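My notes follow, point by point.

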Amino acid sequence: MSFIDKIKRKFGSASNTSDDYALIKDSILFDSNYYRSQIGETKLEPLLHYLAEGARSGRRPHFLFHEQYYRMSCGLNDQQAGLPHFLGIGLAEHRNPHPLFDSAFYLARYPDVAAAGINPFLHYLTAGYAESRDPHPLFDSKFYTNNLASPDELLVTGGNALIHYITIGSKAGLAPHPLFDGSYFLKRSGQTVDDDMTILEKYLSAEPDKREFAHPLFDSSYYREQYPDIVGSDALLHYLQHGYKEKRNPGVLFDSEYYRQTYLECRGENPLLHFLQFNTQGNPNKLFDSRFYSRRYSGECADEIARNPFLHYLKTGCDIGFEPALWFDSNFYKEHYDLADTKFGALMSHYLLQTDNVVTHRRLLISGKKTDKQDILVYSIVPWHSRIQRPQQLARQFVESGHRVFYIDREFKHSRPGCGFSFEFVDENICVIQLHVSNPTVNLDLALPNQEQLAALIESLARVKEAFDLRNTLAIVQYAPWKSLAEKFSADFIVFDCMDHVAGFDVGQAIVEEECALVQSADLMVVTSVGLHENFASVGDNIAIVRNAADVEFFGRRPAVVHSIDGINIGYYGAISQWFDVDLVFHLASRKPQWIFTLIGQITCDISRLKTLPNVRFLGEIDYRELPEYLYAFDVCLIPFLLNELTRCTNPVKVYEYLAAGKPVVCTAMPELELLEEIDELVAIGRTPDDFLQQIEQTLASDCEEYRAARRKFVQEQSWKNRASRLLEVVEVARLALPRVSVVVLSYNNLKLTEVCLNSLLKHTNYANWELIVVDNASSDGTQEYLTEFGRVHTDAKIILSADNGGFSAGNNLGIKEATGDIIVLLNNDTYVTDGWIMSLVRHFKADPELGLVGPVTNNIGNEAKIDIVYNAKEQIAAKALAYTSVHGRERLYLDNIAFFCAAISAEAIAKIGLLDERFGLGFFEDDDYCKRARNAGFKIAIAEDCFIHHELSASWNANKQKQRDEYLERNKKIFEEKWGEPWKKHSYRRHGA
């Protein structure tokens, strides 16, 4: 019996050991020394031990052959040895001998190996490792060797980086790839280093859709959630092989598109790998500021921060309270949000993931300088990053005037919870906001937001207002589909900035109808042309003209580079669309083949005729910043527009920009340009094609420095700065022209409540045309002394100190007699008002001229004005009130009575009804009485659902004994019933309101 047969009999091997022995004997895949290190001393030759026993127990014959992995992947039974199968069959089938060698990856990555027909693993063993080729998508040989403690260490494993990682590097925590961080994986997964598997193998051993914690900058669960099409795949491998090419984001904290746009040198590379390897000081998203982080914490962990500030923040800085950017308050965030259940240690990750659900406190997001000037909310007609037009120009000038600007982008972002917002500060005080909706497919050029979308937009904008501390803002609406959203925030003064005749564009009929409704409901309409003013004069009665303008400094400065051409250059830039007169330009270019016609801009109309002419060149869209380089090469500038209703109402921005450069302009007879022709012939008008040509010829012949200087001088006053100032001026005039409101506050003792009430009025009343009248009913607790001092400081307030307490009606009547307002608000001293409260009340009188009395909703009252609202401190009132009123903007509830803790009464109603009945003495039933008188006089009564005022309820009576209060109730109820000859009807709460 042979030695081999004896081994087979002793161990019962089912394999053909002699054949296997011969197969393996000359193979480079059996390492006797390595095998001995696993099993210790053995009487058997290591190879025979492997064949007879070691293979069955999963012993590895070589560093790069993983017995158990191979048997499992090939479906071998426990009696079969993996290495003989690999050498006999697996090599031909390109099987993987180890979890960290991927044959398919190797062949795809190195086509020269595939073309030569070489087995990928044999190539790697014989040549590939020496050439620093990568054996697996997650093993980067060059990266690994560059990150070894010493290059000499590699000699221990014969220069093979993969063997070094398996035997040494993994246990030392070395990273095999820029996007696999062993120490991070162990920390997050709770696993430990052992002899069975490398750290990377531990990661790969899990099911593909359960592999987590590969690297702080790659978020597997986020990737799978964002891209459900990769189900069943390993998220990190998918990203490395496909995802980065498809511009997918590797995690919530890395914005691939932003990174590519910011760092152009990245080009087609994997942006995340580019960041980790070449741009460690860059910003991976808009919200992390590497420079700020490095400067702020330069004295702490300096070496780590210098290597990569963002990774330091993710791994360490977040946990010790370092700030990722100037605007982020980590300590505040930790105090207010429970992070226990999140998968990410970084606060920014939690914040970005939660903005759809939990909006931040204003201290988290506030950026730039909060000024005393009113914040401006721009509901845009164009995205901020599109062609620079009137919206962006005005926004920049508003900032120069000291305002903060919040630019609401017209394109929404998809969000499964359906609300939230994204933001980008494009300037210290210009924040571009993208609101979230669950279904963003609506095209605002064709349809209005549906009810579901509108609800999400309302909640999203309410979160913006809370986060950035936006109270009574100036809302500039530049496109009609924003109407419903803007109007929900009744505290805002709404300006409709109408730039064009919208019906002249390809928009839906619903948009045109909505525009007419917006003209009627806006507090002010601003138009850019006389034509628009004429169109809307019959619809609205508060319209001002604020024309377009030019960035005079930008276009008035000759650039260093000018793209000149030989010969006469007739130029135009702007949209080449349905209003562009193609036939006119064809006529001009045909008649003057020696001239070059340079047309710049996006093309959306048929220009096939013009393309047949060799002297007409189309340069396409040119970046705004480069326009002067082409403008200064024009000999004459054109505005060749068709004459129709759209252009009749157009005030073209380009004419001011042309003139700012001193260029002669020839245009069609648009009304706004005819006005310029009348001003020292600043432009030339061509009324027929031949006349147009003649005007160009005359302009070329007569143009001189005198004319150029005159054009520049005229445009000095046509700047965006002047236009923005003009717009703000007409807004202030319109605000002062709102109905005058007199607020009458009645006090009797309870000094602390009076102080709180008056302070809330000063803090939360941003209405331009109001007066304050305070009447005190003979208080004896220091109130009159306080009010005397208050009147000395606030000289506009009227203070009436009564020597006698005539009661609620008598005290209010004193104030009414002093009032000069169109609307008089009777306000108890146990109230606390909220932002925009007066504006909200006034709007209801404007909307329904038959209203005589309007009251707010509140937390505490005995009728339908009471709503379900919960807050624990006055600091929470503003946010809670906004959450309720924004959902109910401009809604009102008609009823028979309102409570006079706060009652707005029109001066017309008072003139017709008279003063409060003083027979009711100290109080009770005077409000029911007055409401009945109002109804009898033909006036409606309503509760404003968009006005919330906090109420303590019966504060003056609470200080008195219950018995005296009950006696007054009975006394005044009897007076009421005798006066009206009918029983008093008890008030009721609204449904679900108590």
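1. Helix α43 gives five residues to the lining of the largest cavity, the largest share. Helices (H or I, at least four residues) and strands (E, at least two) are DSSP runs, numbered from the N terminus. A cavity is a set of points on a 1 Å grid over the protein atoms alone, where a 1.4 Å probe fits but cannot get out; lining residues have an atom within 4 Å of a point.

2. This is a predicted model: local features need pLDDT of at least 70, side-chain atom pairs count only at pLDDT 80 or more, and totals for chains, interfaces and linings use all residues. Residues are numbered from 1 along each chain as its sequence is written, and side-chain values use heavy atoms, without hydrogens and water.

3. The largest cavity has a volume of about 330 Å³. A volume is the space filled by probe spheres set on the points, with grid points joined across faces, edges and corners. The lining has 26 residues; A491, D835, A878, L882 and T885 are the closest to the centre. Two or more residues each come from α25 (451–467), α42 (837–847), α43 (877–885) and β24 (940–951).

4. What classes make up this lining? Ten residues are nonpolar, seven polar and nine charged. Ala, Val, Leu, Ile, Met, Phe, Trp, Tyr, Cys and Pro count as nonpolar, Asp, Glu, Lys and Arg as charged, and the others, Gly among them, as polar.

5. The second largest cavity has a volume of about 120 Å³. Its lining has 17 residues, with N472, A491, N766, Y767 and M839 nearest the centre. Helix α42 gives the largest share, three residues.

Definitions and conventions: 1 Å grid on protein atoms, 1.4 Å probe; cavity = no way out; pocket = protein on both sides within 12 Å on 5 of 7 lines; lining within 4 Å.
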